[in-house]
Amino acid sequence: MQWFIDMRIMNKLLLSFGIILSIMGGLGWFASSQMSLVNDKSTEISSNWLPSVQECGKLNSLILEVRNAEYGHAISEDEKNMADYERRIEQYKIAIENVRSAYEKLPSLEEENRLYQEYKHHWDLYIKENAQIIALSRAMKTQEATEAMRGTSRTEYYAAKDALD
């Protein structure tokens with residue numbers, strides 16, 4: 001360390017600032033490489049994960065609309081309202097099929113695919129129950145329709161919804 005003590009002040013300053021400059025350059029390089037990794041991950045999220053999350057959100061919203069329209073149909077007392085709810089349910093079913101076909105085209109992980117298959121299974125069972133509930137409601141059997149809605153229909157609806165969440 002004697003060599004440092006014997007150096008002139010200008011050389012000491014140049015050496016110190018050179019070391020600091022080297023450390024700052026290394027830190028800048030490290031930060032830049034880490035930002036590149038963050039960019040890669042954010043690109044993956046925005047191009048792979050986010051579209052499927054958005055489609056799942058749309059599906060979740062649409063199945064809720066079907067369930068609400070089903071309740072409205074069950075408590076309706078006239079043909080006009082029932083026909084309106086049936087029309088809405090059919091529109092929602094078409095929208096659900098469109099979202100499902102868009103979702104199926106997206107890349108997905110194995111777990112995501114398994115949950116989607118689970119959703120499809122429960123949704124298909126729910127739609128079968130929905131047809132029975134609409135028939136009961138059309139026959140003005142409101143009590144039976146609401147009881148059916150609290151049975152298997154509710155179970156399948158929540159199972160489909162949980163698979164999407």
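**Exercise 1. Work out whether Tyr116 is buried or exposed, and where Tyr116 sits.**

Solution. Start with the area: Tyr116 has a relative accessible area of 4%, so Tyr116 is buried (buried is under 20% relative accessible area, exposed over 50%, partly exposed in between, with a 1.4 Å probe and protein chains only). Finally, look across the fold: Tyr116 and Cys56 are 60 residues apart in sequence, yet their C-alpha atoms are 9.1 Å apart in space.

A friendly note on the model: it is predicted, so local features need pLDDT of at least 70 and side-chain atom pairs count only at pLDDT 80 or more, while totals for chains, interfaces and linings use all residues. Residues are numbered from 1 along each chain as its sequence is written, and side-chain values use heavy atoms, leaving out hydrogens and water.

**Exercise 2. Describe the largest pocket: what is its volume, and which residues line it?**

Solution. Here is the idea first: rolling a probe the size of a water molecule over the atoms shows where empty space is left. On a 1 Å grid over the protein atoms alone, a pocket is an open set of points where a 1.4 Å probe fits, with protein on both sides within 12 Å along at least five of seven lines; lining residues have an atom within 4 Å of a point.

- Step 1: the volume of the largest pocket is about 190 Å³, meaning the space filled by probe spheres set on the points, which are joined across faces, edges and corners.
- Step 2: its lining includes Cys56, Tyr103, Tyr116 and Asp165.
- Step 3: helix H2 (9-75), helix H4 (110-138) and helix H6 (152-164) each give two or more residues to this lining. H4 gives the most, with four residues.
- Step 4: by type, the lining has eight nonpolar, one polar and three charged residues (Ala, Val, Leu, Ile, Met, Phe, Trp, Tyr, Cys and Pro count as nonpolar, Asp, Glu, Lys and Arg as charged, and the others, Gly among them, as polar).

**Exercise 3. Trace the aromatic pairs: how many are there, and which residues do ring pairs link into a cluster?**

Solution. Rings of Phe, Tyr and Trp (its six-membered ring) pair if their centres lie within 6.5 Å; planes under 30 degrees apart are stacked, over 60 edge-to-face, and the rest tilted.

- Step 1: this rule gives six aromatic pairs.
- Step 2: Tyr119 and Trp123 are stacked, at 6.5 Å centre to centre with 20 degrees between the planes. They are four residues apart in helix H4, so about one helical turn separates them. Both Tyr119 and Trp123 are buried.
- Step 3: Tyr126 and Tyr157 make a tilted pair, with 6.0 Å between centres and 50 degrees between planes. Tyr126 is in helix H4 and Tyr157 in helix H6, so this pair ties together parts 31 residues apart in sequence. Tyr126 is buried at 0%, and Tyr157 is buried at 4%.
- Step 4: ring pairs link Tyr103, Tyr116, Tyr119, Trp123, Tyr126, Tyr157 and Tyr158 into a cluster.
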